[in-house]
Amino acid sequence: MYLGIDCGTQGTKVVILDAEQGHIRGEGYAPHALISDANGRREQAPQWWIDAFEQAYRQALGQAGIDSQAIRGIGVSGQQHGLVVLDASGAVIRPAKLWCDTETAPQNAELLTLLGGDEGSRARLGLTLATGYTLSKLLWLKQREPESFGRIAHILLPHDYINYWLTGEVAAEYGDASGTGYFDIRTRRWVPEVLALIAPDGQLERALPPLREAHQAVGFVRSELAARLGLNAQVRVSSGGGDNMMGAIGTGNISAGIVTLSLGTSGTVYAYSEQVPGQEGPGLLAPFCSSSNGWLPLICTMNLTSAANAVRELFDLNLEDFNRAAAKAPIGCEGVILLPFFNGERVPALPDATGSLLGLNMQNMTPANLCRGVLEGTSFGLRYGLDLMRDAGIEVRQIRLIGGGAKSALWRQMIADIMQAPVICPRIGEAAALGAAIQAIWCDCHAGGFDVSLGSLCQRYVVLDSDSVLNPNPESVLAYEAAYARYRQTLSGLHGL
């Protein structure tokens, strides 16, 4: 038995994977609170993640009906880019600033200028620094909370912190590290000279964790924690990774042609590449390292189900009634265009943007058009990103759809039509947690001297739902192309894109 943990923005999920039978035996979930301010602050206390894990773990164990002593390994998936800082005693100094925190946009702009703009950033890091990456959070901390900054002894990402809590070992892994802004995605090494832009005395360089490869374990669960959780003394904790890296493994996205698209709180689109991607173009494509010894070209939008839920709640609709209302509206929403940048936006790069509702008149101002409008607006943002991937030479043969929005048949067909590619859903929707469990098996096999490929593990444990296959509808494709062209024209007019 192997435990997969996914510590996300809204909550922590735990799955127990039966490696012999090849299926999930138990699942658990517990929500997180969120510190949220109008200035773009988005933070969480790392202790909330630990509390949620323990609750979700007990649920999964109870559902599985197994002896916890049967668990052999643990893999951890975590939300990318978050900043967790520890003092010399290993205590958390302050709440973690999250991936969706846009309060640090001025610091990101300052650092990008110091790096020499987009071109200089790519020369140093292999990618363009973006608001939300970890680096700008460190400069923000120095400028806004110098006392806390002075206490920093360890710099971790969310999944690194959970690994530290589990094992007592400070470590990082290439995939998650590639989203920090102080890591070279080409050489897979930290770039201390970038941190020196913030702390010339070397304080931040000394706080960096050692790096692990994807198939390497971090260590064993601490003895006192193992006793509390009912685990045996030899439960190995894998390197883990960012939620997108683990989601790629959990959807079998470890070879060219497969694209994973997540309809979650945020929207993500990512693929596998054997070459370093995204070295040309506008720099919006994040060419992260994968946790499968390749690269993971990725785009992220800040507003997805969060935006859809905001519109749904505006009309006091439950999910079924919201979907029914959206289905009543025609493609293009009779001219209504909703740019859902309620939390700013990463792709397109508009961190200070706000939402816009345009094209209203007395005939088209209906709840149906607004409900469909938010689905189209968020999906067009993902299409904008997929266009960047295609321009970079990424092949799109099949889209594997995950996230809460994937449960909507209307939205699934919309994605197939807008992206002009066939769509299929994995049977296990908790892709990041499943990916973490699969990676735990991979690490355990390598530690035990067994040469097992990640591909063979994905082939065994990632099962696709053949009943969920949707192909693009030619008539709808044409209608969406016209609506997408209006979306692009509106972006250009309002934001100069």
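**View 1. The lining of the largest pocket has 19 nonpolar, 22 polar and eight charged residues.** This is a predicted model, in which local features need pLDDT of at least 70 and side-chain atom pairs count only at pLDDT 80 or more, while totals for chains, interfaces and linings use all residues. Residues are numbered from 1 along each chain as its sequence is written, and side-chain values use heavy atoms, with hydrogens and water left out. Ala, Val, Leu, Ile, Met, Phe, Trp, Tyr, Cys and Pro count as nonpolar, Asp, Glu, Lys and Arg as charged, and the others, Gly among them, as polar. A pocket is an open set of points on a 1 Å grid over the protein atoms alone, where a 1.4 Å probe fits, with protein on both sides within 12 Å along at least five of seven lines, and lining residues have an atom within 4 Å of a point. The largest pocket holds about 1200 Å³ of space, a volume being the space filled by probe spheres set on the points. Of its 49 lining residues, Leu-263, Gly-264, Thr-265, Gly-403 and Gly-404 lie nearest the centre.

**View 2. The second largest pocket holds about 380 Å³ of space.** Its lining is made of 24 residues, with Leu-129, Ala-130, Leu-284, Arg-346 and Ala-349 nearest its centre. By class, this lining divides into 16 nonpolar, five polar and three charged residues.

**View 3. Helix H4, residues 134–144, is mostly covered.** Helices are DSSP runs (H or I, at least four residues) numbered from the N terminus. Eight of the eleven residues in H4 are buried (under 20% relative accessible area, 1.4 Å probe, protein chains only), among them Trp-140 and Lys-137.

Conventions: Buried < 20%, exposed > 50% of the residue type's maximum accessible area, 1.4 Å probe, protein only. Helix = DSSP H or I, 4+ residues; strand = E, 2+ residues; numbered from the N terminus.
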